[in-house]
Amino acid sequence: MTTGENEEERMANADTADERTDVVIVGGGIAGLITARELGRTGLRVVLLEARDRLGGRVWTDHRFGRDLELGGTWVHWLQPHVWAEITRYGLEVTRGPRPEEAYWLAGGELRTGTLDEFMTLIDPGMRALLAETMTRIPRPDDPLAGDGLAEIDHLSVRDRLDALGLSVEEYQANEAAWVGHFNAPTEDGAYASALRWTAATAGSWHLMHEASAVFRLTRGTRALVEAIAAETTAELRTGTEVTGVEHDGGGAVVTTADGHRIAARRAVLTLPQNLLGSLPVEPPLCAAKRAATEEGTASKGIKLWIRVRGPIRPFFAYSSAAHPLSVVRTEYLGEQDAVLVAFGADARRIAADDLHAVRAALRVWRDDLEVLDVTGHDWMADPRSRETWLIQRPNQLTRYLREQQRAEGALHVAGGDYANVWGGFIDGAVESGLRAARQVAAELAASCTTDTGGGRE
């Protein structure tokens, strides 16, 4: 079949669609909701399709252990400009967990104890040396590919750079543990460029990067942000609606759902994460770079757990390594009778979110005095709607794929935290990307309308 015949067939498919709208958005996470809100403000008809029975995507506040727990994306900061504007817009309050009074880390096979300040002092020389090139390689985080020489180092992992620093055993293991926590992945899998991107977002300060990425959270949970955006949009929000295919050409797209319903739109916005985007049945197929990025997958492959222990306890912070089932644990809630810890492991296959016995054993790396009462979480790697946690790119993925992942293909646009410039993989990045996609789609449709009406909008 020739190209012209393909386009003719797709146009015929659009003519037989069950409904028509201006824009279809695939995915109801933060990026999809922001895109829907912004496009709705221009007067466009927007339909958002979300396969889950809830909105929010990889941000999800759920009530467990008598508290509202964040099973996915959590931390925000005033140095994250896009999400902070949303927090200000909706008058949301921000809080933090208790400040750690104790810290635990490993040096070789030996356990070290001290304060969090002592741990931060220990890793400071290594962090400074590792990140010294930040503002040279990525002088503008809003355009991470604009710096000189980024392609020269994008083949390196964080492990490669740590190995070259000549750190002592204790310094090396402490620095490695910190990056395993940031990356939710072994350091040999995470790109050195990912570390530079995070730090570039805080003007080269690793201390600020650590705070901006892991301390402050919304008092009423990310649910409050999701609900506020959803309440403001004029889009039709349909949950429990799985998209099984997309056909497109320069003039529009037809989106098919699992029940066979077909929606024709002038534009479609795909907000699937990197590990899913390239596997969505699209005709004609998405570009080779988008598909290759999905096939390779992100470096992050870990798990986030919430652990309830008998209280009272003193708040603490603990690091181990990627070789341990849990690599980071810290106290997030304190009570008279119990405390709740948040924990991360670098490989979701090594510990299950409901395995009380395994969690008890994992905590003994640092402490054998904690009585574990309950454990919960969500395996985002096994979730067919995500297949990843937060974005950490593998070596070479930033320079090979980001531009193409962001690029529109005909009537198809892409949005999502994985495709942001500044805070890729964060809630902030999802807001940024949604704003960009909405602006581009609105501009295209406005131009099309002007052309169609001979220079004036009807």
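Helices, here taken as DSSP runs of H or I with at least four residues, are numbered from the N terminus. The legends below describe close-up views of a predicted model.

**View 1. Helix H8 and the residue that follows it.** Just after H8, Asn 184 adopts a positive phi of about 55 degrees.

**View 2. The salt bridge between Arg 159 and Glu 176.** The side chains of Arg 159 and Glu 176 meet with an N to O distance of 2.6 Å. This pair links distant parts of the chain, with Arg 159 in helix H7 (residues 158–163) and Glu 176 in helix H8, 17 residues apart. Arg 159 is partly exposed, at a relative accessible area of 25%, whereas Glu 176 counts as buried at 10% relative accessibility.

View 3. Glu 133 occupies the loop between helix H4 (116–130) and helix H5 (134–137). Its relative accessible area of 22% makes Glu 133 partly exposed, because buried residues have under 20%. Apart from neighbours within four places in sequence, Glu 133 is in contact with Arg 161, Tyr 192 and Leu 196. With Tyr 192, Glu 133 makes a polar contact, side chain to side chain, at 3.0 Å. Leu 196 is 63 residues from Glu 133 in sequence, yet their C-alpha atoms are 7.8 Å apart.

**View 4. The salt bridge between Glu 19 and Arg 238.** The closest N and O atoms of Glu 19 and Arg 238 are 2.8 Å apart, forming a salt bridge. Distant parts of the chain are linked by this pair: Glu 19 belongs to strand S1 (residues 19–26) and Arg 238 to strand S10 (residues 236–238), 219 residues apart. Arg 238 is buried, with a relative accessible area of 18%.

View 5. Arg 394 and Asp 189 pair through their side chains at 4.0 Å, N to O. Both partners lie in loops: Arg 394 between strand S19 (372–378) and helix H15 (397–406), and Asp 189 between H8 and helix H9 (192–200), the two being 205 residues apart. Arg 394 is partly exposed at 24% relative accessible area, while Asp 189 counts as buried at 16%. Elsewhere, salt bridges with shared partners join Glu 101, Glu 102, Arg 314, Arg 367 and Asp 369 into one network.

How values were computed. Residues numbered from 1 in each chain as written. Predicted model: local features only at pLDDT ≥ 70, side-chain atom pairs only at ≥ 80, totals over all residues. Heavy atoms only, no water. Buried < 20%, exposed > 50% of the residue type's maximum accessible area, 1.4 Å probe, protein only. Contact = heavy atoms within 4.5 Å. Polar contact = N/O pair within 3.5 Å; in protein donor to acceptor, adjacent residues only side chain to side chain.
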